[in-house]
Amino acid sequence: PRVSKLMALAIRFDQLLRDGEVSDQSELARLAHVTQPRMTQIMNLLHLAPDIQEEILQLLPVETGNDPITERDLRPIAALLDWRQQRLAWARLAAVSSA
């Protein structure tokens, strides 16, 4: 799923920032050919609890139709500061998307 690819990109981009290979998110956005707001949306996936990030990375490929979970679906979850609340919201989203 696209959201799995975006999660992997966020992790890679974060590593590039930590290693000093890029100076900031603006430079990342330029290099990735996306707008600064889009880069922020991608990087906000890093605010998710580690176990949720892992589950996103391990989502099964979508054979037909639309992805059941999108980055947009994850925005309100990533905005939650409490990982317990994130996990509850993720469980609800995962249950709805698998139904």
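L74 touches V3, L45, L48, I56, I69, W90 and L93, with residues up to four places away in sequence not counted. Contact here means heavy atoms within 4.5 Å. The model is predicted: local features need pLDDT of at least 70, side-chain atom pairs count only at pLDDT 80 or more, and totals for chains, interfaces and linings use all residues. Residues are numbered from 1 along each chain as its sequence is written, and side-chain values use heavy atoms, with hydrogens and water left out.

L74 also belongs to the largest nonpolar core, which has 17 residues. A nonpolar core is a set of buried Ala, Val, Leu, Ile, Met, Phe, Trp, Tyr and Cys residues joined through side-chain atoms within 4.5 Å. Buried means under 20% relative accessible area, exposed over 50%, and partly exposed in between, with a 1.4 Å probe and protein chains only. The residues with the most contacts inside this core are L48, I56, L74 and W90. At least two core residues come from each of α1 (2-18), α4 (50-57), α5 (71-78) and α6 (83-98). Helix α1 gives the largest share, four residues. In soluble globular proteins, nonpolar side chains tend to be buried together.

S4 sits in helix α1. S4 counts as buried because its relative accessibility is 9%. Its contacts, leaving aside neighbours within four places in sequence, are I56, L57 and L59.

The protein has six helices and zero strands. Its elements run α-α-α-α-α-α from the N terminus on. Helices (H or I, at least four residues) and strands (E, at least two) are DSSP runs, numbered from the N terminus. Of the contacts with a separation of 6 or more, 64% are between residues 24 or more positions apart.

The C-alpha trace spans about 40 × 35 × 20 Å along its principal axes. Buried residues make up 29% of the 99 residues. The protein exposes about 6400 Å², and carbon and sulfur atoms supply 56% of that area. Accessible areas come from the Shrake-Rupley method with a 1.4 Å probe; for residues, only the protein chains shown count as cover.
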